[in-house]
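Good morning. I will go through one protein chain today, so please look at the sequence and the structure first.

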Amino acid sequence: AITTFNTKLVTPIDSANLVGQWTFDEGSGTSVKDYSTTGANGTFGSAVAGLGGPTANSTGTALPTWTTDRYGNANKALAFNNGAKIILPENAKLNPAKITISLWINAAEINGSNRFMGLNSWMGYKFQLQDSNKPFFTGSTVADGIFDRDDAEGILEINKWYNIAVAVGDGHTI
């Protein structure tokens with residue numbers, strides 16, 4: 001049994017291969033720390049606030065808000081709604097030829113096209129939920145152009161935590 005258990009252990013990513021790690025556990029403020037060696041710290045922004053930083057616009061577009069994490073700890077996670085996002089600095093390391101994106105999400109409602117990770121959307125990649133509450137990935141490469149992938153069976157329940165991931169590279173999306 002121990003041998004079988006040991007084959008199932010999660011091996012941490014070698015820090016030399018980790019290009020970004022944001023835990024969203026700062027608890028206050030309007031920025032998030034990148035714990036990788038890339039140092040791509042992010043600032044709160046809204047869909048139209050642009051690169052200027054943490055201000056909501058006059059149309060009601062919101063900033064991320066601090067909320068309870070999957071363990072019940074207050075202010076150790078972020079809620080995104082109405083175009084809220086984290087703005088990261090431009091960095092080529094965030095757009096490698098192969099990438100795996102893994103994150104925890106908890107959808108409070110079905111809200112189509114609610115992005116939770118992206119880089120230049122149509123010119124890089126975006127990871128989001130679709131109208132049916134399915135994880136959905138859009139990528140773009142010079143060789144393949146724009147491509148979309150969804151999880152055919154992956155309709156997520158409301159108010160339930162999920163760890164979801166997408167791996168892209170060598171012409172494949174998983």
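**Strand pairing and overall make-up**

Start with Ser31: the bridge partner of this residue in strand 2 is Thr43. Strands here are DSSP runs of E with at least two residues, helices are runs of H or I with at least four residues, and both are numbered from the N terminus. Strand 1 covers residues 31–32 and strand 2 covers residues 42–45; they pair in the antiparallel sense over two bridges. Two strands pair if DSSP finds at least two bridges between them.

This is a predicted model, where local features need pLDDT of at least 70, side-chain atom pairs count only at pLDDT 80 or more, and totals for chains, interfaces and linings use all residues. Residues are numbered from 1 along each chain as its sequence is written, and side-chain values use heavy atoms, leaving out hydrogens and water.

Which strand does strand 2 also join through three bridges? That is strand 5, residues 85–87, and the two run antiparallel. There, Phe44 has Ile86 as its bridge partner.

Now the loop between helix 1 (2–7) and strand 1, where Asn17 sits. Asn17 counts as exposed because its relative accessibility is 58%; exposed means over 50%, buried under 20%, and partly exposed in between, with a 1.4 Å probe and protein chains only. Between the C-alpha atoms of Asn17 and Ile99 there are 9.9 Å, although 82 residues separate them along the chain.

Finally, the whole chain. Of its 174 residues, 30% are buried.
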